[in-house]
Amino acid sequence: MLVTCAGILVADMIASDLPRISEPGEVVFTERPIELHIGGHAANVSVDLIKLGLKRSEVSAVGAVGEDALGRFIEETLEQYGVLCHLQKIRRTGTSKDMILVVKGQDRRYHVDIGANWHLDLHHLKRVLEEERPRIFYLGGAGFLGRLDERLGEILSEAKALGCLTFLDPVAPYRHGWDIFVPALEWADAFHCNNIEAERITGSSEPREAARLLINWGAKLAVITLGERGLIAATKDAVFEMPAFKVPVVDPTGAGDAFCSGVIRGLVKEMEPKRKTRNIASLEDDVLTGILLEGEAAGAACVTMVGTTTGVSRDRVDALIKEQGSTVLKNVCVKRAC
């Protein structure tokens, strides 16, 4: 397997382009239909990777759903895209659901039912990893995974022992503190979070400082996405500041997952000529900025349409890079570590 995507699976109910949030007892009519989409990091990244050009036989998803209609919806949608599914069916609870409200010009408001995600079994995940031995192992939505969250370091270290390049992407932790992620950083080749999550994890409100702390704690590449302000990325040798693509924002849901899929696609392209896993820390500056550019373009494409994966495609990402890529790259700032 080329990429195994493990983590949370969610059925997203998205009300986008809202004029405002209703007052208690008030009715606010939506200008766009309220839509049902697949969601959750494992679903979004696996689908995005295929939409960005990976083959159907090269991407799998590992997660937990309920034995219900929404669980079947997620599984059938993944299979339609060609994602190989390793889904646990949990009887004692339903599929996770997320009610997402998006007011014009504002960030998303999430209302999450953790559901089956809380019961994803560690041994099930390890079995899949042992069978597939992927070149890249992506674990997304850590923080919603119950007891599995307490063993993130163990999971990533075992993936590393199998020869995988590891990618960790957390969310706000449920029933755990933000420090739950720190012990796993030693085994994370790449770590992605947004600026709010970075501050919660590191205690620093300054993204550059937060990125350096994540590197000091073990991550080989730390990327903090900043929405319309672009991103900050760090390795042990340098800090990279990259501005954002300029696109009309319809629904920012799934932008972080799309970014991760673009980065993974960029890493795959870099690994392909030599057919072996590269050390992220050894990538040349221009190679790494090219990978980050692919991620930013995928995230930008995502926000232009409703849904976590709707706007992501190879053609749309390539068009953004052709139109704006050179401008973005000209404004990248690289500062060498002291």
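Predicted model: local features only at pLDDT ≥ 70, side-chain atom pairs only at ≥ 80, totals over all residues.

Reader: Okay, how many cavities of 30 Å³ or more does a search of the whole structure find?

Author: Here's the general idea: rolling a probe the size of a water molecule over the atoms shows where empty space is left. On a 1 Å grid over the protein atoms alone, a cavity is a set of points where a 1.4 Å probe fits but cannot get out; a pocket is an open set with protein on both sides within 12 Å along at least five of seven lines; and lining residues have an atom within 4 Å of a point. Points are joined across faces, edges and corners, and the volume is the space filled by probe spheres set on them. In this model, the search turns up one such cavity, and the largest cavity holds about 30 Å³ of space.

Reader: Which residues line the largest cavity?

Author: They are F167, A190, F191, H192, L221, V223, F259 and V263. Two or more of the lining residues come from each of β10 (190-194), β11 (221-225) and α7 (255-271). β10 gives the most, three residues. Helices (H or I, at least four residues) and strands (E, at least two) are DSSP runs, numbered from the N terminus. By class, the lining has seven nonpolar, one polar and no charged residues. For those classes, Ala, Val, Leu, Ile, Met, Phe, Trp, Tyr, Cys and Pro count as nonpolar, Asp, Glu, Lys and Arg as charged, and the others, Gly among them, as polar.

Reader: And what is the volume of the second largest pocket?

Author: About 250 Å³. Its lining has 13 residues, and L120, D121, L122, R147 and L148 lie nearest the centre. That lining splits into five nonpolar, three polar and five charged residues.

Reader: How many salt bridges does the search find?

Author: A salt bridge is a side-chain nitrogen of Lys or Arg within 4 Å of a carboxyl oxygen of Asp or Glu. The whole structure has 20 of them. Take K89 and E75, whose side chains meet at 3.2 Å, N to O. K89 sits in strand β5 (residues 84-90) and E75 in helix α2 (residues 69-81), so this pair ties together parts 14 residues apart in sequence.

Reader: Is E75 buried or exposed?

Author: Buried means under 20% relative accessible area, exposed over 50%, and partly exposed in between (1.4 Å probe, protein chains only). E75, at 19%, counts as buried, while K89, at 40%, is partly exposed.

Reader: Which residues form a nonpolar patch on the surface?

Author: Patches use residues with over 30% relative accessible area and no salt bridge, joining like charges within 9 Å and nonpolar side chains (Val, Leu, Ile, Met, Phe, Trp, Tyr) within 5 Å. Accessible areas come from the Shrake-Rupley method with a 1.4 Å probe, and for residues, only the protein chains shown count as cover. Here, M13, I34 and L36 form the patch, with about 260 Å² of accessible area together. L36 belongs to strand β3 (residues 35-39) and is partly exposed at 38%.

How values were computed
Residues numbered from 1 in each chain as written. Heavy atoms only, no water.
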